[in-house]
Amino acid sequence: MADIRDARRHRLPWGLAEVRGGSMLPNLADGDRVLVRYGARVRPGDVVLALRPDRPGVGMVKRAVEHVGGAWRLLGDNPYRSTDSREFGLVPDALVLGRVLAARAPGARSWLRWRRVGDENPFEN
């Protein structure tokens with residue numbers, strides 16, 4: 001899950017969200033802040049911020065694995081702690097809010113502590 005209090009109110013193409021839970025371990029941990037590019041083109045392997053199709057208004061940070069007819073198969077990097085497309089099915093394009101570009105650990109105050117996200121895809125061969 002993700003805390004996306006400002007996601008619906010975004011006027012700028014960038015925003016922040018907070019990762020909740022361990023579904024994206026080891027790449028993203030509970031409490032990490034992520035930088036989101038709203039409306040960005042999504043490709044397989046990208047980490048995205050999306051709304052859950054089965055729980056309106058609840059956000060999630062997941063990896064986009066496959067695009068199928070106007071919807072995405074979204075999976076957590078940690079299958080043992082993730083509620084994802086294996087449970088609720090494909091996520092329509094309209095519910096994918098943007099691509100996650102960078103993350104920082106809780107308490108990291110410097111902008112230099114941001115790290116790039118999306119390069120380590122556990123679903124690639």
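Mentor: Begin with the cut-off: a residue is called buried when its relative accessible area is under 20%. This is a predicted model, and 46% of the 125 residues of its chain count as buried.

Trainee: Which elements does the chain have, and in what order do they run?

Mentor: There are one helix and nine strands. From the N terminus the order is β-β-β-β-β-β-α-β-β-β.

Trainee: How should I read the nonpolar residues?

Mentor: In soluble globular proteins, nonpolar side chains tend to be buried together. Here the largest nonpolar core has 15 residues, and Val-34, Val-61 and Val-100 are among those with the most contacts inside it. Strands β2 (14–19), β3 (33–38), β4 (47–51) and β8 (96–104) each give two or more residues to this core. A second, separate core has 10 residues, including Val-48, Ala-50, Met-60 and Phe-88.

Trainee: What does Val-34 touch beyond four places away in sequence?

Mentor: Its partners include Leu-16, Leu-28, Val-61, Val-100 and Trp-114.

Trainee: Now take Leu-74. Why does Leu-74 count as buried?

Mentor: Leu-74 counts as buried because its relative accessibility is 0%, and buried means under 20%. Leu-74 lies in strand β6 (residues 71–75). Apart from neighbours within four places in sequence, its contacts include Val-48, Ala-50, Met-60, Asp-84 and Val-91. The C-alpha atoms of Leu-74 and Asp-84 are separated by 6.1 Å, although these residues are 10 apart along the chain.

Trainee: And contacts over the chain as a whole?

Mentor: Take the contacts between residues at least 6 apart in sequence: 52% of them join residues at least 24 apart.

How values were computed. Residues are numbered from 1 along each chain as its sequence is written. This is a predicted model: local features need pLDDT of at least 70, side-chain atom pairs count only at pLDDT 80 or more; totals for chains, interfaces and linings use all residues. Side-chain values use heavy atoms; hydrogens and water are left out. Helices (H or I, at least four residues) and strands (E, at least two) are DSSP runs, numbered from the N terminus. Buried means under 20% relative accessible area, exposed over 50%, partly exposed in between (1.4 Å probe, protein chains only). Contact means heavy atoms within 4.5 Å. A nonpolar core is a set of buried Ala, Val, Leu, Ile, Met, Phe, Trp, Tyr and Cys residues joined through side-chain atoms within 4.5 Å.
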